[in-house]
Amino acid sequence: MSRPDPACRPLVIGVGNRHRGDDAVGPHVAELVRSATAAADTMVIDGDLSALPLSWEADQEVVVVDAMASGRAAGTIEVMDGLTDDVSVDRRPVSSHGIGLADAIGLARVLGRLPRELTVVLIEGAGYGHLEPLSPEVEAAGRVVARRLVSGDDLHGTGRSGPR
């Protein structure tokens, strides 16, 4: 993750319910990043996303990781630019939240609270049952995303939408 302003650390936000199977992939990635590096801040949001726009600063690089249910193979990784791409079309993030990710980004836009960079990483889930663990495919995809974030690999513009 690049940091042009050393005073403003990158932020990785894991979105999802830890108790709903593959919906926990966002928190899983945030925890992996937190344990691997001190170079980025991390947080987990497991409920209402309406406060998401208050989570970052205007000059910050932000990565939001969430589960999606688009019908593709479990573990498929979709990387989008949250400032320009429509995250609600054909890639519906699973929403166990009060408002969904696309709505939260829209709210940030209306409030003038968008960060400098906003990367949205969606990982296709297989199951979202109560108290189910992460599926092996989703857990592996989460590790790939966390490893890329920690190593500083660029997630933007990869054009890849499958497990790496």
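The following exercises, with worked solutions, concern a predicted model.

Residues are numbered from 1 along each chain as its sequence is written. Local features need pLDDT of at least 70 and side-chain atom pairs count only at pLDDT 80 or more, while totals for chains, interfaces and linings use all residues; side-chain values use heavy atoms, leaving out hydrogens and water.

**Exercise 1. Determine whether the residues of strand β1 are buried or exposed.**

Solution. Begin with the terms. Strands (E, at least two residues) and helices (H or I, at least four) are DSSP runs, numbered from the N terminus. Buried means under 20% relative accessible area, exposed over 50%, and partly exposed in between, with a 1.4 Å probe and protein chains only.

Next, consider the two directions in which residues point. Leu11, Ile13 and Val15 point one way from β1, Val12 and Gly14 point the other way, and all are buried. Because 5 of the 5 residues of β1 (residues 11–15) are buried, this strand is largely enclosed by the rest of the structure.

**Exercise 2. Identify the strands with which β1 pairs.**

Solution. Two strands pair if DSSP finds at least two bridges between them. Strand β2 (residues 41–45) is joined to β1 in the parallel sense over 5 bridges. Within β2, Val44 is the bridge partner of Gly14. From β1, the chain passes through helix α1 (residues 25–36) to β2, a right-handed β-α-β crossover; right-handed means that, with the strands pointing away from the viewer, the path from the first strand over the helix to the second runs clockwise.

Strand β3 (residues 61–68) also runs parallel to β1, with 4 bridges between them. Here Val63 of β3 is the bridge partner of Val12.

**Exercise 3. State the order of the strands in the sheet and name its edge strands.**

Solution. The open sheet has 5 strands in the order β2-β1-β3-β5-β4, and its pairing is mixed. Its edge strands are β2 and β4 (77–81), each of which pairs on one side only. The antiparallel pair β4 and β5 (residues 117–124) is joined by 5 bridges. One of the residues concerned is Met80, whose bridge partner in β5 is Val120.

**Exercise 4. Describe the surroundings of Gly142.**

Solution. First, locate the residue: Gly142 belongs to helix α3 (residues 136–151). Third, list its contacts, where contact means heavy atoms within 4.5 Å. Leaving aside neighbours within four places in sequence, Gly142 is in contact with Val25, His28, Val29, Leu32 and Ile123.
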